[in-house]
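Student: Can you walk me through this one? I'd like to keep it quick.
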Amino acid sequence: MNKILIITHTADNFSIEKVTEYIEKNNCQVIRFDVDLYPLQNKLSTTFQNGEWVSILETPEAKHRLDDIAAIWYRRAYNIGNGLKEELDAKFYGPAMGEIRNTLFGFIESVDAYSLGKPGVYRRLDSKEEQLKIADKLGLTIPDTCLTNNPEEARKFILQHKNVIAKMQTGFAITEDGVENVVFTNVVSEDKLEELDSLLYCPMQFQKMIEKKKELRVTIVGRDVYAFEIDSQQFEDAKVDWRKDGVNLLDKWVRTELPGDVEEKLLELLDIYNVDYGAIDMIVSPEDEYYFIEINAAGEFFWLDNLTEGNLISKSIADVLCDKAPRRNNMVMA
């Protein structure tokens, strides 16, 4: 029986269970590696001797050999080393976490099996600039964009385009008094130009504001394309950034079809990155022009999956992992 390794964490959502169900229906075995239990509860070892590499994951429940897995799904790596800070002297914590991350990510990168996601791929897809440049070369429409920490360049861009939005390139959040506040996309008007001086300390991404007829979330798994749309302009808190009102919009998304040329270019985008999963954000203007905004390497899909009959996105993920559907070959020694 083929073994599929899922890298995640204990607080992940129910999508893991749905994918697991479909993997088991494909007569494959799931091994779950919760990284927040590593290293205090989960132990990972790789050994080379007698001409053979052997990797062992030992959890409180079982001991698994990982060097013979058929595929790996690198889903999440949240809260690695949870609880370790309370166990170690402060001077050892930082260096120890460095070794823990290096060992874990080194293992994931080195697995000589098909992988749906890798740390290195996630890091590459963190570059919004590269995404936009590739999308532009593929012929996808993108908004006029300025990435800068130069206040004068930002002011020039804003004055030229009048209506401009500003956003961070990462999952930027500010924690104050134990409360995490996510920095969402915001409109930057001309009367805010004097406030841009602080840009010197932290670059931001500015884009011409695109009038929205609807917003799209396109989840691609292998060659399967799941496009959903929402009229975010009907909801006041969602007009600039639908995530601000995301919880209330969970059941408002509707399955839709992409124009053939747009779908073809999005699939080509995944070909270039050699990945089999991408959650893509797009805007459709009143003139029905499709704007590419970004691709998320591990973007959430559970709320859209629930809107399909039988959780089809989870099924596609399981089929790709179990080699039951077309996939891009990314094995280390392919």
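Tutor: We'll look at the cavity, then at some salt bridges.

Tutor: This is a predicted model, where local features need pLDDT of at least 70, side-chain atom pairs count only at pLDDT 80 or more, and totals for chains, interfaces and linings use all residues. Residues are numbered from 1 along each chain as its sequence is written, and side-chain values use heavy atoms, with hydrogens and water left out.

Student: How many cavities of 30 Å³ or more does the structure hold?

Tutor: One. A cavity is a set of points on a 1 Å grid over the protein atoms alone, where a 1.4 Å probe fits but cannot get out. Its volume is the space filled by probe spheres set on the points, which are joined across faces, edges and corners.

Student: What volume does the largest cavity have?

Tutor: About 160 Å³. It is lined by 19 residues, and L116, G117, Y122, Y277 and A297 are the closest to its centre. Lining residues have an atom within 4 Å of a point.

Student: Which element gives the most to that lining?

Tutor: Helix 3, with three residues. Strand 6 (71–74), strand 7 (114–116) and helix 3 (119–125) each supply at least two. Helices (H or I, at least four residues) and strands (E, at least two) are DSSP runs, numbered from the N terminus.

Student: OK, new topic. How many salt bridges are there?

Tutor: The structure holds 24. A salt bridge is a side-chain nitrogen of Lys or Arg within 4 Å of a carboxyl oxygen of Asp or Glu. One of them joins R75 and D12, at 2.9 Å from N to O.

Student: Why does the pair tie parts together?

Tutor: R75 lies in the loop between strand 6 and helix 2 (90–110), and D12 in the loop between strand 1 (3–8) and helix 1 (15–25), so the pair ties together parts that are 63 residues apart in sequence.

Student: Is R75 buried or exposed?

Tutor: R75 is buried, at 3% relative accessibility. D12 is buried too, at 12%. Buried means under 20% relative accessible area, exposed over 50%, and partly exposed in between (1.4 Å probe, protein chains only).

Student: And what does R155 pair with?

Tutor: E152, with the closest N and O atoms 2.6 Å apart. Both lie in helix 5 (residues 151–161), three residues apart, about one turn of the helix. R155 is buried at 14%, whereas E152 is exposed at 51%.

Student: Which residues do shared partners join into one network?

Tutor: D12, R75, R76 and E300, through salt bridges that share partners.

Definitions and conventions: 1 Å grid on protein atoms, 1.4 Å probe; cavity = no way out; pocket = protein on both sides within 12 Å on 5 of 7 lines; lining within 4 Å.
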